[in-house]
Amino acid sequence: MARFVIEARPERSAWAPVQVALLALILTCIGGSVLFIIYGVSPLKGLDAIFIDPLRSTYGIGEVLLKMAPLLLIAQGLAIGFRAQIWNIGAEGQLILGAIAASLLAIQFEGSTSPLLLPGMIVVGMVAGMAWAGIAAFLRAQFNANEILVTFMLSSVALQLLYFLVTGPLRDPSGFNFPQSIRFDQAAMFPILIPGTRVNASLFIGLFVTVVALVFVQRSLAGYKLSVGGIAPRAATYAGFSSKRTIWLALLISGGAAGLAGVGEVAGSLGMLQRNVSPGYGYAGIIVAVLGGLHPIGILFASALMALVYVGGDFALLSVGVPNAVTDIFQGMLLTFYLACSFLLTSRIRRITPEAIASEAPAE
Amino acid sequence: MADAPPLLRLRGITKAYPAVLANDAVDLDVGTGEIHAVLGENGAGKSTLMKIIYGSVRPDAGTVEWNGSQVDIQSPAMARELGIGMVFQHFSLFETLTAAENISLAVSGTIPELSRRIREASARFGLDVEPDARVQSMTVGERQRIEILRCILQEPRLIIMDEPTSVLPPQGIAKLFETLRKLASEGIGIIFISHKLEEIRALCDTATIMRGGRVVGVCDPREEDARSLTRLMIGREIARPRHGAERGDGHPVLEVTGLNHTPENPFATPLRDVHLTLRSGEILGIAGVSGNGQDSLTQALAGEIETPDDRGSTVMLEGKAIGALGPYARRKLGLHFIPEERLGRGAVPIHTLSENSGLTTYHRGMVNWGFLNLGRRRKLAAETIERMDVRCGGTESTAQSLSGGNLQKFIVGRELALAPRVLIVSQPTWGVDVGAAAAIRQQLIDLRDSGAALLVVSEELEELLEICDRIQVMFRGRLSGSVPVRDTDMDHLGLAMAGDFDALNSSQTMKEPALG
């Protein structure tokens, strides 16, 4: 009888994260099929609705690209922090702050046609996201407060702040009491990229940040310091890399990227500030970062996949009639299966043939 | 003796791991009352063999006979039942419990009853242990004696001692040997693992020498000399390091006065009023049993612990106060440090050798405008591998894929390439095989001869006596005055390591030829 053994990988494998992500995707499809069967839907039709159907039309592709932009931005920022073992899980809050700050600028300069308005919104949105994450950085660096808890709780605070603003000071006076701001002017909006879709230029920011992240991670001294600090803190101390700097840098980068995503929402598909600025992009971004193996290119693919699941969930609701909670379930399965398989990043499974057993271990 | 079966007989023991054949058809016989050395470099397969005897690893092939009948030792519990005990190199004692309480966790009986048995065994085997004292207040030697007592009270017929002397000062070693001889005289077999040849020649009846997983020789170590044992152990001769002439014209480079430091960790040893002067062109050795403050000292010198001068202490590098500078700033001034832990501190385990070259060198033209010069980094790694004869798959091998000795050669080479003016080295050859150790020592001496100042912290007195010009001894956070190497020896250093700093200089008491 052949048998399988799990053993440590002797060398670092560049392809292991890809293999693990694909394995997680396959397992998710299997798990999803089981759910579709239980729900009385043909698994093929269900999977088709989620993974294939959105790509059949320009509109569908546009929606996928639209949702990909914020996921890509958030995940690139988070991954840089995660590599340094700084766990910012409050990107949702930082996104909201970015959205609020950009909206304040847009509302303040209502009627302006200045070409500087949108760049200004981008800057203040990014700074606001950084500042929100900076609170967690300060508390961690000065008082060793756990950044996981602080960033997470600050997300709740950010949400309440948003609710207060859209139901109070920023509410559109002529908006029939809907909890939303006035509609932004054209000068405060990202231009549409593909006619007939909602894809806008904020996707370029995501792609640009991806390139920056790639250079930062692979080429910059700061990126190198962050990864040393994350993998081997004692080596970072030995080399003289400041751990406080690491904390600040990791949180400011991820907060800034999430803030940019917030700008992309209000100045993109929404065109205003409203209660549901984000359908959980800040949390989905965590999954994208992990699923992409914390690698900028991996994250590019992972964000496309997650965006596809978002859009596919809506398609599945319409075409095969499953509740759109299917989106959350598929996202959850992707992360769960990835983590379950992640031991394969450092280990490998080797098949031992009967002959090898005979020569290696006759005692057993 | 020829008729009776030996206590333990191993035949053809083989154990393969994915990358290495740890044991290859190993035979071993240990008789009653025999002290049997198992000698070999790191990675020779000693540990695997002991784990097989103690039941924590199952062999792929081969037989184990115990008292003449074949057994299959499936677990440490079963080994203990058979009468096989093991004293590990790393202790497993609860600091907050007393000696008797610790022993009661492994041996049945009430505390008063155990205390009585402990006192009996202590007296019989010369193992001073106070049963009611708490472990946290004990020295390393005392802790080891508890481990041995715990083993003895289970009435074993065979005791495996894994590198027991590596944690002891010389006097402690002599005492341990007395105990082991007494145990042997009562018919207990002892397997003694070590790579220290002199100890084995002083203690053991038989030596089994292993190399690359195989037994390469069985001999009576008392009839061999250190040279022939070394040749068996590593398969070739090792040259003694060559010293340049004493210079005597060195000027003070690193001066430490009145250094005090209380670490955040309450179990770490604080530094108390430490003074030292390091001159150019010399190697200053810091001797001492580990845990006496050496870690704090090297960290304070390297800058990992900052000691601003306002606390009454000064650390001066060529006349400049550096107490408030971190490791990076000190490295820019030419002060480098090689820590004792290679994986995780001296090198990042999952990073490649290329990436690890950058750890301490990024201020030397490795970075342009914040961007890493990858080509230059790879070139530095390649040069280091070449110059230090690092055995590895190339610059893109991960640090963790190298053996301890090869990684240490790489780290030493990386720091030497920067031509340090002051080099602090902690345990330069700890866990490194004999061949690599000799190469590393020679590199350190060559650096000294070129005019640099070196401070070497080591637990191995032979090493310090071999390479140093002067030695200071560290005990409970204090540092003794310095003594030239020619004016001291193992015995006097041993006394100083136990706290008697006055005994350090042998020329003031009696002159004895230094070992080595």
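**Strands, contact and one alanine**

Mentor: E6(B) and strand E7 (residues 158-162) of chain B pair in the parallel sense over four bridges; strands pair if DSSP finds at least two bridges between them, and helices (H or I, at least four residues) and strands (E, at least two) are DSSP runs numbered from the N terminus. This is a predicted model, where local features need pLDDT of at least 70, side-chain atom pairs count only at pLDDT 80 or more, and totals for chains, interfaces and linings use all residues. Residues are numbered from 1 along each chain as its sequence is written, while chains are lettered from A and ligands numbered from 1 in the order in which they are written.

Trainee: What is the bridge partner of Met86(B) in E7(B)?
Mentor: Ile160(B).

Trainee: And in what order do the six strands of the open sheet in chain B come?
Mentor: The order is E6-E7-E8-E3-E9-E10, with mixed pairing. Strand E6 (84-87) and strand E10 (214-219) of chain B each have a single partner strand, so one side of each has no neighbour in the sheet. From one strand to the next, the twist averages 20°.

Trainee: Which strands does helix H6 of chain B touch?
Mentor: H6(B), residues 170-185, packs on the sheet and touches strand E3 (35-40), E7 and strand E8 (189-194) of chain B. Its direction makes about 150° with that of E8(B). Axes are lines fitted to C-alpha atoms, for helices over the stretch in contact, and angles run from 0 to 180 degrees between N-to-C directions.

Trainee: Is Ala239(A) buried or exposed?
Mentor: Ala239(A) is buried, because it has 25 C-beta neighbours inside 10 Å. The cut-offs are 20 or more other C-beta atoms within 10 Å for buried, 12 or fewer for exposed, and partly exposed in between, with C-beta atoms placed from the backbone.

Trainee: Where is Ala239(A), and what is it in contact with?
Mentor: It lies in helix H9 (residues 233-239) of chain A. Leaving aside neighbours within four places in sequence, Ala239(A) is in contact with Val228(A), Pro327(B), Leu359(B) and Thr360(B).

Trainee: How many helices and strands in chain A?
Mentor: 14 helices and two strands.

Terms used
Contact = placed C-beta atoms within 7 Å.
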